[in-house]
Amino acid sequence: MGNSGEMKHSAQSKVFEWGMIALLAVLFLFLLRFTSGINPISAGIAFTLLVGYHIVSSHFWKRDLFHSNLSTALHLAIYLFLSTLVIWTTTTPEEESVFWAVFLLPIVAVAFRRGLLATAVMAFSASILYFLLLPMNIPVEELLADELAEFLIIVIVFFFVGFLVQSLSQAMRQQLLIQKDLNQSLLDHQKSLQDSLEQLAAAEERLRRQDRLAALGEMAAGVAHEIRNPLGIVSSAAQLLGNKMSDPDSEASELLQVVREETARLNGLITDFLTFGRETVPRLQLCNVQELISKTAERFRGMAGGKNLRLKVMEGPSNITAMLDPGLIEQVLLNLFLNAVDATPAGGEITVNWGLENNNVFIEVADNGAGIPEDIRKKIFNPFFTTKERGTGLGLANAFKFVQAHDGVLDFRSRFGEGATFRINLPKEVSADAPYLGG
């Protein structure tokens, strides 16, 4: 739409300019035909130079002519000189030039681009040059009686046209500035609206995720309670059978060991289910964020080293404290560390960074693994969603839930092939009167 308007305006400007040149040409030919005493060759050359310079400066040098005071002064001086040349070549010893209107070209040019003072200086200069080019053979009495009045009228026209064009151009410039400010304001409002829509969509997604977590948490808790009792019986029976086996190296003993290991794994899975289904009410206390991160990282450093990974804890402010449940946040960090280890190839690096932003504490855990594929990014916080062969799909779901219980946000950014960064945002103070009631 904007490009179409600019093209239309440019086309109209070209029509106007070429129309003005055509009218000047017709006027010149008409006056040349009916005005005696003018040398047509010198007058034609002067007029051709003026029109040629006007065409070149209007269509090819328009942007370069007014970029500095020096180029502006040079352009206007050439314009004024060529206009004076036309007046000089069309002035006879007995008759002043009828082409005085060509002085309006430099006057209008400076009025359109510069201020009132520059316009007045150009109109005054044109008036002086026109006066100096008046025929010298006219008697003083006739000059004072007739020519002076005509000269003063022409001078008034110079100043009137200059001031009128300058006033109109000033109004246009102010209107353009207002339009520019309005356009910028509209762009700012559009960006603000876009940001609000994105925040609303993110909040909507978090609400839907919270509803899913609540429903699935209730279901998980019920199923876990139903399974735990018979699972305990199976585990106890396997233990009793193992104690009664006479040959601990027999195949039956090995099978019983498998039963015990798998029941232990299932018991851990049920514990995760119960944790997910249980209401999370953080036990808030004032904690030093650096100490909490350092303590959790040290617990995890051995596992990272076992896979030939570097765990790099960045230097951060040591005086940041926040009201939080250290046990829950430690579990969140451990889940993020475990995921980073699984996603990072041997020789890679896991980076932990933290700080304060907009009165929120942020903690970032970044890896340089393969990144998160686009098609699963909306699912990774969903319970029971996992890409691991023996995963439960509850690690990130519980981490998300624990952070949300602190009135915080757990989010991530990732580019496939360039790793992923999980970011925990926690308010420095969490209201203990508003426990998390989801899932």
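Helices (H or I, at least four residues) and strands (E, at least two) are DSSP runs, numbered from the N terminus. This is a predicted model, in which local features need pLDDT of at least 70 and side-chain atom pairs count only at pLDDT 80 or more, while totals for chains, interfaces and linings use all residues. Residues are numbered from 1 along each chain as its sequence is written, and side-chain values use heavy atoms, with hydrogens and water left out.

**Exercise 1. Describe the surroundings of Thr 89.**

Step 1: Thr 89 belongs to helix 3, and with a relative accessible area of 11% Thr 89 is buried.
Step 2: Leaving aside residues up to four places away in sequence, Thr 89 touches Ile 38, Ser 42, Ala 43 and Ala 46 (contact means heavy atoms within 4.5 Å).
Step 3: The Thr 89 side chain also reaches the backbone oxygen of Val 86, at 3.1 Å.

**Exercise 2. Work out how helix 3 and helix 5 are oriented to each other.**

Step 1: Two packed helices are described by the angle between their axes and the distance between the axes. Axes are lines fitted to C-alpha atoms, for helices over the stretch in contact, and angles run from 0 to 180 degrees between N-to-C directions.
Step 2: For helix 3 (residues 69–89) and helix 5 (residues 116–132), the angle is about 25 degrees and the axes are 11 Å apart.
Step 3: Angles under 35 degrees count as roughly parallel, over 145 as roughly antiparallel, 65 to 115 as roughly perpendicular and the rest as oblique. Helix 3 and helix 5 are therefore roughly parallel.
Step 4: Helix 3 contributes Leu 76, Leu 80, Thr 84 and Ile 87 to the contact, and helix 5 contributes Met 122, Ser 125, Ala 126, Leu 129 and Tyr 130.

**Exercise 3. Decide how enclosed helix 10 is.**

Step 1: Helix 10 (residues 395–405) has 11 residues, and 10 of them are buried, so helix 10 is largely enclosed by the rest of the structure.
Step 2: Among the buried residues are Asn 398, Lys 401 and Gln 404.
Step 3: Just after helix 10, Asp 407 has a positive phi of about 60 degrees.

How values were computed. Buried means under 20% relative accessible area, exposed over 50%, partly exposed in between (1.4 Å probe, protein chains only). A polar contact is a pair of N or O atoms within 3.5 Å; within protein, one must be able to donate a hydrogen and the other to accept it, and residues adjacent in sequence count only if both atoms are side-chain atoms.
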